[in-house]
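I opened my notebook to look up how the parts of this chain are held to one another.

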Amino acid sequence: MEKPAQVDSMSLPRVDPSTLGISSDEILAFIAGVNERVGGLHGLMLLCHGQVVAESWWTPYRPDRRHLLWSLSKSFTSTAVGLLVHEGKLEVENRVISFFPDQLPEKVSENLAAMRVKDLLSMSSGHAVEPQVKVDDDWVRAFLATEVTHQPGTHFLYNSPATHVLSAIVQKLTGQRLTDYLTPRLFEPLGIMEAHWEQSPSGIDIGGYGLSLRLESIAKFGQLYLQKGKWHDQQLVPESWVREASSRQISNGDPANENDWTQGYGYQFWRCRHNSYRGDGAFGQYCVVMPEHDAVLAIHSNVPDMQAVLDLAWTHLLPALTGGGMKALTIPPQSVPLGSGKATSPLAQQVSGKDWAVESNPEGVRALRLTFDQSRCRLDVFLEGRRFTIPIGLDDWLEGTHYIEGRVQAIASRGAWENDSTFAVRLYFTERPDDWTQRFVFDGNQLTVTQRKIRYGFSETDRPDLKASRA
């Protein structure tokens, strides 16, 4: 496979694993195991002794694209809190209500009054259920208004709104968004220039999720923690904070279980088996730090079973990192699932460039047009007063944008004729772990767009079929 381009001047060094005595056979077995058992990998990078010993990409995902991290964002929020503690502007024993005197409920309960920054960090705020926030809420106010059932610090409950409150505290104390605060202190020294963090309606970086970074940036972050906060000759994060954040601060189950979600929780980091720890996010965004092996595993993906990926890592990567093979690592070309089909059909030129009038539908689609060329297709979707175009590759992926959930998203699409009358399109959101499929079934002067399954965020829906006739 062609070696990925060096995408910034501070890229991590690459080395053949054989020079370190690392078993490339086991690394390849890990990748094959995930592909076969779970699927959904977008990018993978394995570091040992601060050097990249393996990396792989699944087309159309690329090393120069950032990718939504979901809850792996939390570990970066924790880092900002640690920097504020080091600067003397914050203590983990500070009471949460002290930062928000104007957003408190009418009656402050004893448990709410007792809640500390430390309790937010360790997911032990005392809530029995995760506070619910609506799109247009003041998220901090909604969090503070939720009943605190347990004594803070005694009960583990995974709680993304708690991390948002940490982000709000950073902004209160610094007058800066979390991203802006971290940029000169963390991102720029690590050569991370692409960071983007989504915001709440109040203009506060979400904190608990919403950060997008390139895979190599995740690997650098993990390496920074592996090096106890030191990068080259500069101590970016206090060693004491790295130790506290990555240590078990609260129990979240029986550590004797063969499960990496019951090994304890630190400050926005999960403890793992094999004396490791990690930041992770929904659908398989991983930053696994393995101190005993001087290694970091970074992954972007859309996997249905996150534990299975870790099981395979422990089975294959730990033995690889202890040596045993001298065969040079080669990773064959990878691609996300495409399905079967061919690039053309006798029908392609008959329907190319024709307009199809769409029957009334909830999405407001008025008309469709598919235009076929030798190696590509263009899908034009006409709505009331608006049109958007999706480029579709026939023998390779084509990149473009698509408007969904109120924002423009980067995409890559590819299509194939499953039979002479059915054209199937697979679309991937290349900066998120999401995808969309749909099939265009032609029958004379009729067109049905069917099997319109879209996976976006935490929802997976089959959109209703579209019925259309030749205009």
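I began with a salt bridge, which I take as a side-chain nitrogen of Lys or Arg within 4 Å of a carboxyl oxygen of Asp or Glu, and found that the side chains of glutamate 55 and arginine 14 form one, at 2.8 Å from N to O. This is a predicted model, in which local features need pLDDT of at least 70 and side-chain atom pairs count only at pLDDT 80 or more, while totals for chains, interfaces and linings use all residues. Residues are numbered from 1 along each chain as its sequence is written, and side-chain values use heavy atoms, with hydrogens and water left out.

I then looked up where the two partners sit: glutamate 55 is in strand β2 (residues 51–59) and arginine 14 is in the segment before α1 (24–37), so the pair links distant parts of the chain, 41 residues apart. For these names, helices (H or I, at least four residues) and strands (E, at least two) are DSSP runs, numbered from the N terminus. Both glutamate 55 and arginine 14 are buried, where buried means under 20% relative accessible area, exposed over 50% and partly exposed in between, with a 1.4 Å probe and protein chains only.

Which other residue forms a salt bridge with arginine 14? I found glutamate 216, with the closest N and O atoms 3.1 Å apart. Because glutamate 216 lies in helix α8 and arginine 14 in the segment before α1, this pair ties together parts that are 202 residues apart in sequence. I noted that glutamate 216 is buried too, as is arginine 14.

Next I checked lysine 453, which forms a salt bridge with glutamate 460, the closest N and O atoms being 3.5 Å apart. Lysine 453 is partly exposed, with a relative accessible area of 32%. I also wrote down a network in which salt bridges that share partners join Arg62, Asp64, Arg65, Arg66, Glu399 and Glu431. Over the whole structure, the search finds 32 salt bridges.

I turned to the nonpolar cores, each a set of buried Ala, Val, Leu, Ile, Met, Phe, Trp, Tyr and Cys residues joined through side-chain atoms within 4.5 Å. The largest has 63 residues, and Phe76, Phe100, Leu120, Leu182, Leu186 and Trp241 touch the most other members. Helix α8 (residues 215–226) gives the most to this core, with seven residues. Apart from it lies another core, of 38 residues, among them Ile22, Leu297, Val336 and Ala412.

How many disulfides are there? My search of the whole structure finds zero, a disulfide being a pair of cysteine sulfur atoms within 2.5 Å. The sulfur of cysteine 272 is 10 Å from the closest cysteine sulfur, in cysteine 287, which is too far for a bond. Cysteine 272 is buried at 4% relative accessible area, and cysteine 377 counts as buried at 2%.

My last entry is on an open sheet of three strands in the order β3-β5-β4, with antiparallel pairing; two strands pair if DSSP finds at least two bridges between them. The edge strands, β3 (67–68) and β4 (196–197), each pair on one side only. Two bridges join β3 to strand β5 (residues 211–213), and histidine 67 has leucine 213 as its bridge partner in β5.
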